[in-house]
Amino acid sequence: MQSNRTASIIGTGSYVPERVITNADLEKLVDTSDEWIVSRTGIRERRIAETGMTTSEMAARAAHSAMENGGVSPEEIDLIICATCTPDMFFPNTACFVQAKIGAVNSVCFDISAACSGFLFGVETAANISPQAPTKPSS
């Protein structure tokens with residue numbers, strides 16, 4: 001049976017901390033080189049959150065940007081899935097903190113414990129959550 005469920009990306013947003021650590025900075029701290037890091041990981045720099053900055057705060061900043069980009073109000077959001085392996089805490093989940101910070105009072109929210117593949121898991125999960133109760137198949 002073919003599913004008619006879909007997920008749509010109608011707005012995107014992002015947030016990265018301002019503090020940048022380059023491979024050259026790491027060379028001063030440990031025995032490594034830019035060439036060694038780039039050849040194995042492709043990473044040239046990374047962003048470091050300030051002390052006290054939480055995952056939910058970064059997610060909320062990205063969400064505000066995505067809502068503006070997509071023309072969506074917080075009240076229109078019905079589901080928040082936070083895919084992370086660095087939650088604010090395990091309970092309540094990080095998605096609950098994001099919900100409160102962006103004012104998405106009508107949303108259900110939960111975390112998926114995933115890192116790199118979390119975005120794909122989140123989109124697939126969202127596409128397979130039906131907004132209506134399942135109906136009985138006709139006989």
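I looked up Val 72 and read it as partly exposed, at 22% relative accessibility; partly exposed falls between buried, under 20% relative accessible area, and exposed, over 50% (1.4 Å probe, protein chains only). The model is predicted: local features need pLDDT of at least 70, side-chain atom pairs count only at pLDDT 80 or more, and totals for chains, interfaces and linings use all residues. Residues are numbered from 1 along each chain as its sequence is written, and side-chain values use heavy atoms, without hydrogens and water.

I placed Val 72 in the loop between helix 3 and strand 3. Helices (H or I, at least four residues) and strands (E, at least two) are DSSP runs, numbered from the N terminus. Setting aside neighbours within four places in sequence, I found Val 72 in contact with Ile 10, Met 67 and Ile 77. Contact means heavy atoms within 4.5 Å. Ile 10 sits 62 residues from Val 72 along the chain, yet their C-alpha atoms are separated by 8.7 Å.

Next I checked Gln 99. It lies in helix 4, residues 94-102. Is Gln 99 buried or exposed? It is buried, with a relative accessible area of 19%.
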